[in-house]
Amino acid sequence: YGHTDLDRALGTAALAGRFGEADLASILAHHRQHREPDGTEPLRASEDHSLQAGT
């Protein structure tokens, strides 16, 4: 894993409050497993572009 991968995983761990024994390794593996075939991150709709009706 590179510096970018580790930085992203640490950010995810911080947001989730997950700093247990194997949490960081699990997050790194999850991020690697859920990349697009070309190595880029999958596109996700933001709240600004959601089709979900607001309440």
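Predicted model: local features only at pLDDT ≥ 70, side-chain atom pairs only at ≥ 80, totals over all residues.
Asp23 has 17% relative accessibility and therefore counts as buried, where buried means under 20% relative accessible area, exposed means over 50%, and partly exposed lies in between, using a 1.4 Å probe and protein chains only. Residues are numbered from 1 along each chain as its sequence is written, and side-chain values use heavy atoms, with hydrogens and water left out.

What does the side chain of Asp23 meet in a salt bridge? The partner is Arg18, at 3.2 Å from N to O. A salt bridge here is a side-chain nitrogen of Lys or Arg within 4 Å of a carboxyl oxygen of Asp or Glu, and the structure holds 1 of them. Arg18 counts as partly exposed because its relative accessibility is 45%.

Let me turn to the overall architecture. The protein chain has 2 helices and 0 strands; these are DSSP runs numbered from the N terminus, with helices being H or I of at least four residues and strands E of at least two. The axes of α1 and helix α2, the latter covering residues 23-33, come within 9 Å and cross at roughly 115°. Axes are lines fitted to C-alpha atoms, for helices over the stretch in contact, and angles run from 0 to 180 degrees between N-to-C directions. On the α1 side, the contact is made by Asp5, Leu6, Arg8, Ala9, Leu10, Thr12 and Ala13, and on the α2 side by Leu24, Ile27, Leu28, His31 and Arg32. Contact means heavy atoms within 4.5 Å.

His31, in helix α2, counts as buried because its relative accessibility is 10%. Leaving aside neighbours within four places in sequence, His31 is in contact with Arg8, Ala9 and Thr12. Ala13, in helix α1, is buried as well, since its relative accessibility is 1%. Not counting residues up to four places away in sequence, Ala13 touches Arg18, Phe19 and Ile27.

Finally, the surface. Buried residues make up 15% of the 55 residues in the protein chain. The accessible surface of the chain comes to about 4,900 Å², and 54% of that belongs to carbon and sulfur atoms; accessible areas come from the Shrake-Rupley method with a 1.4 Å probe, and for residues only the protein chains shown count as cover.

Leu10 lies in helix α1, residues 3-16, and counts as partly exposed because its relative accessibility is 37%.
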